[in-house]
Amino acid sequence: MSDRCTDKKYQDMLAAYELGMIDEKDREQLELHLYECEFCFTRIQEFEKAAGHIRHSRAAKENIRAIAESLPS
């Protein structure tokens with residue numbers, strides 16, 4: 001696996017992509033990039049695995065909720 005992204009712009013978009021927070025045009029461009037960049041593709045897979053654990057873990061959800069509630073608005 002490559003130890004870095006071929007285009008940092010896309011690497012910076014990964015978390016927003018996983019959270020569904022990028023617009024359609026950027027999403028399409030990033031998805032095309034994922035076919036070319038093993039680094040970003042691997043990171044997306046890791047995000048998906050982590051998200052799956054969070055979705056199915058009551059303790060993780062409770063911890064996230066507590067953190068979110070403790071943050072200023």
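**Entry 1, confidence.** I began with the scores of this predicted model: the protein averages a pLDDT of 85, and 96% of the residues score at least 70. I then went through the confidence by element, and found the lowest mean, 82, in helix α4 (residues 58–70), with the highest, 93, in α2.

On the α1 side I listed Lys9, Tyr10, Met13, Leu14 and Tyr17, which meet Asp26, Arg27, Gln29, Leu30, Glu31, His33 and Leu34 in α2. Sorting the residues of this contact by class, I have 6 nonpolar, 2 polar and 4 charged.

I turned next to helix α2 (residues 24–36) and helix α3 (residues 38–55), which pack at an angle of about 110° with their axes 6 Å apart. Angles of 65 to 115 degrees count as roughly perpendicular, and therefore I recorded α2 as roughly perpendicular to α3. The crossing in which α2 passes α3 is left-handed. From α2, the residues making the contact are His33, Leu34 and Glu36, while α3 contributes Glu38, Cys40, Phe41 and Ile44. By class, I wrote down 4 nonpolar, 1 polar and 2 charged residues for the contact of α2 with α3.

Methods. Residues numbered from 1 in each chain as written. Predicted model: local features only at pLDDT ≥ 70, side-chain atom pairs only at ≥ 80, totals over all residues. Heavy atoms only, no water. Axes fitted to C-alpha atoms, helices over the stretch in contact; angles between N-to-C directions. Helix = DSSP H or I, 4+ residues; strand = E, 2+ residues; numbered from the N terminus. Parallel < 35°, antiparallel > 145°, perpendicular 65-115°, else oblique. Left-handed = near helix turned anticlockwise from the far one by under 90°. Contact = heavy atoms within 4.5 Å. Nonpolar A, V, L, I, M, F, W, Y, C, P; charged D, E, K, R; others polar. pLDDT = per-residue confidence, 0-100.
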